[in-house]
Amino acid sequence: MKSNLVLVGFMGTGKTSLGRKLAKSLSKDFIDTDAEIEKITGLSIPLLFKKHGEIRFRSEEKLVVKKAAERDECVISTGGGVVLIPENISALSRKGWIIGLTASPEVIFARVSKRSNRPLLYKKKSVEYIENLLKQRESYYQCADITLDTSKLPPEELITLILQFLMERGKNEKN
Ligand code: S3P
């Protein structure tokens, strides 16, 4: 039986904030892969990109994902690019359901504009840029077992939908 819930999705789709709430309501541990990378490297994500580049970031991310994927009873919030590496998703889906979060480019833009902690959007924030990057990644996010739009529903309703999904899958796993 899968006991982890893995949140995937583009930057600004609400993975971390929903993940924390979900972990609390299900009494599971919460893991945020970006926060783990920052702990291990001693660098903030923007600084890690600046000093060592995206390739190094992706290899740190892969190690963190591998470790998190081995745990049980966790809600794992991932960085927006975790889906780009197939090994990440195959490791995470062994013990976890993949919950995809999505939002409209306008909502993402409004959310990411408030903060400057995303190197891939540094100096490039616009609805058009986000739309393009979303298109490039669209097929990768299709790895999710269920996808929910966070621009339309409040966290409580999203959590209810996730719980319904888990109940359905639980029933199917027993049959
Ligand atoms: C990234 C998303 C970020 C972070 C890094 C790269 C991406 O995480 O992992 O800046 O490639 O989409 P969030 O999705 O939490 O912003």
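How do the residues of the shell around the ligand divide into nonpolar, polar and charged? The shell holds five nonpolar residues, three polar ones and five charged ones. Please bear in mind that this is a predicted model.

There are 13 residues around the ligand, and those that come nearest are Lys 15, Asp 34, Arg 58, Arg 118 and Arg 137. As for secondary structure, helix α3, residues 45-69, gives the largest share of the shell, namely three residues.

Let me turn to individual contacts. In the side chain of Arg 58, an N or O atom is 2.6 Å from an oxygen atom of the ligand. The backbone takes part as well: an N or O atom of the Gly 80 backbone lies 2.8 Å from a ligand oxygen, and a polar backbone atom of Gly 81 is 3.4 Å from an oxygen atom of the ligand. Taken alone, the ligand exposes 390 Å², and the protein buries 94% of that. The space that the ligand takes is the largest pocket.

I now move to the salt bridges. How many are there in the model? The count comes to 10. One of them joins the side chains of Asp 29 and Arg 71, with an N to O distance of 2.9 Å. This pair links distant parts of the chain, 42 residues apart. Asp 29 belongs to strand β2, residues 29-32, whereas Arg 71 lies in the loop between α3 and β3, the latter being residues 74-77.

Terms used:
Residues numbered from 1 in each chain as written. Predicted model: local features only at pLDDT ≥ 70, side-chain atom pairs only at ≥ 80, totals over all residues. Heavy atoms only, no water. Near = heavy atom within 4 Å. Polar contact = N/O pair within 3.5 Å; in protein donor to acceptor, adjacent residues only side chain to side chain. Areas by Shrake-Rupley, 256 points an atom, 1.4 Å probe, with all protein chains shown as cover. 1 Å grid on protein atoms, 1.4 Å probe; cavity = no way out; pocket = protein on both sides within 12 Å on 5 of 7 lines; lining within 4 Å. Sits in = over half its atoms within 2 Å of the grid points. Helix = DSSP H or I, 4+ residues; strand = E, 2+ residues; numbered from the N terminus. Nonpolar A, V, L, I, M, F, W, Y, C, P; charged D, E, K, R; others polar. Salt bridge = Lys/Arg side-chain N within 4 Å of Asp/Glu carboxyl O.
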